[in-house]
Amino acid sequence: MATASLVVGGTQRKAKVRLGPLVERVLAYAVLAGILIWFVANLVANPDRFIGSLLVGLQNGLLYALVALGYTMVYGIVELINFAHGDLFMLTTIIAAGLMVSLLGVGQVTVVTILPLLLALVVCMAAGGFINMSAEFLAYRKLRSAPKLAPLMTAVGLSFIFRGIAQQEYVNGSAQKNWPITWGGPQVEGVFIYKLLMVVAVTVPLLLLMTWIVSRTKMGKAMRAVAQDQDGARLMGINVNGTISFVFGLGGALAGAAGVLYFLCQTQTYYDTGTQLGLIAFTSAVLGGIGNLTGAVVGGVAIGVVQAMNEGGAYGLGSDWSQSVVFAILIILMVFKPEGIFGRPTTEKV
C-alpha cells in the first residue's frame, strides 16, 4: 500500500517510559483537552487576537513544515539528522534577497511581483537542491558505513561553513540586514492577507507534490525501498546513490522555497536565522514522527499555531516563553510517545 512515510518500519527508538496503552491514551487525551481548553479560553477572551494569532501561526507553521520536510526526508532514507539543513535554508534567504531586491528591484509586493517571485522560487530551489546534493556527494556519501557520529559531526561542520559564508561582508555580513520591501492590501489584526495567501499558495502545492512523489511514483517506491534496506534495494536494481542524492535534492529545493517565502514575510536576512528556525523545524519533524511527511506538516503547523497563540493570545505567556512552551509540549510527547504523532514504535535491530 502506498505510504507517505520513508521510515517503513517506523522510528528506531524505544520508549523509555511505558505506562500501558490505557494510561498513555488517557494522558494523551488529557494533554489534548488542556490545549483545546486553552484555545477556547483565548477565543472567548479576545476573538480578534485569537484570529490574528491563528493566522500568524498558520503562516509560520507552513514555513516550518517546508523546512521540516527536508529534515524528515533525509532522516527517513539515511537516518541522518542533517544539522546543516537550517543553515542551507538561511543561505537561500540571502540568495532570494539579492535576486529580488538587488537584481530585480522589487520594492513592494503586489500582483506584478508574481513573476519575480516565481523566478526567485526557481533559482532558490535549484540552488538549495544543488548545494544539498553536493554536500551529500562530497561529504556524506563516504560516511554511510561509518559510525553515526561521523556524518552527524560532518553535518555540524557544514552548518558552520554555511554560516561562515553568510557572514562574509560581500554575502550578507554578521549584522542583520533589513531589506526595503513593503506589503499592501487588507490586514486582519496586523496580518497581511496577501502575505498569508502567498505562503499558502506556494506551500500547499509543494507539500502535495512531495506526498505524490513519495507515495505514487516509481522514484517514491525506490526511496521507500532504499529507506527500508539499501542492500536489498541494490540487489533489486535500484540506483541507491542516485535515489539518496535525489532525496537530498528535494530537501534542498524545499529549503529554497521556504527561504524565498521567509525573506518576503520577514524582509530581513541574518546569518543566524537558520539556527532557531532550523531547530523549530527539526522539532516539528520529531513531533509529527520523523520520517513521516504528513507528520512533518502537522507538526510544523501545530508548533506554529501554539507558538503564535502563546505570543499573541489573551492567555499566552509571551514571546519570552515561546520556545519553552514548544519544547515542553515536545518533551511531554516524547516521554509518552517517543515515535511522534504519526510514527510507529519499533524495537531496536539486534
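Start with the contacts across the whole chain. Among contacts between residues at least 6 apart in sequence, 77% join residues at least 24 apart. Keep in mind that this model is predicted.

Now show the cartoon. The protein has 12 helices and six strands. Its radius of gyration is 20 Å, close to the 20 Å that the globule rule gives for 350 residues, so the protein is as compact as a globular protein of that length. Along the principal axes, the C-alpha atoms fill a box of roughly 55 × 50 × 35 Å.

Next, look inside. Of the 350 residues, 49% are buried. In soluble globular proteins, nonpolar side chains tend to be buried together. Here the largest nonpolar core has 85 residues. Select helix α9, residues 240–266: the largest share of this core, 15 residues, comes from there.

Which residues have the most contacts inside the core? Pick Phe263 and Leu264. Zoom in on Phe263. Leaving aside neighbours within four places in sequence, Phe263 is in contact with Thr93, Ala96, Ala97, Met100, Val101, Trp179, Ile181, Gln268 and Thr269.

Now turn to the outside. The protein exposes about 16,400 Å², and carbon and sulfur atoms supply 68% of it. Select Ile95, Leu103, Leu104, Leu119 and Val123. These residues form a nonpolar patch on the surface, with about 400 Å² of accessible area together. Helices α3 (85–103) and α4 (114–140) each supply at least two residues of the patch.

Last stop: Ile95, in helix α3. Its relative accessibility is 30%, so Ile95 counts as partly exposed; that class lies between buried, under 20%, and exposed, over 50%.

Definitions and conventions: Residues numbered from 1 in each chain as written. Predicted model: local features only at pLDDT ≥ 70, side-chain atom pairs only at ≥ 80, totals over all residues. Heavy atoms only, no water. Patch = residues over 30% accessible without salt bridge, like charges linked within 9 Å, V, L, I, M, F, W, Y side chains within 5 Å. Areas by Shrake-Rupley, 256 points an atom, 1.4 Å probe, with all protein chains shown as cover. Salt bridge = Lys/Arg side-chain N within 4 Å of Asp/Glu carboxyl O. Helix = DSSP H or I, 4+ residues; strand = E, 2+ residues; numbered from the N terminus. Buried < 20%, exposed > 50% of the residue type's maximum accessible area, 1.4 Å probe, protein only. Core = buried A, V, L, I, M, F, W, Y, C linked by side-chain atoms within 4.5 Å. Contact = heavy atoms within 4.5 Å. Rg over C-alpha atoms; globule rule 2.2 N^0.38 Å.
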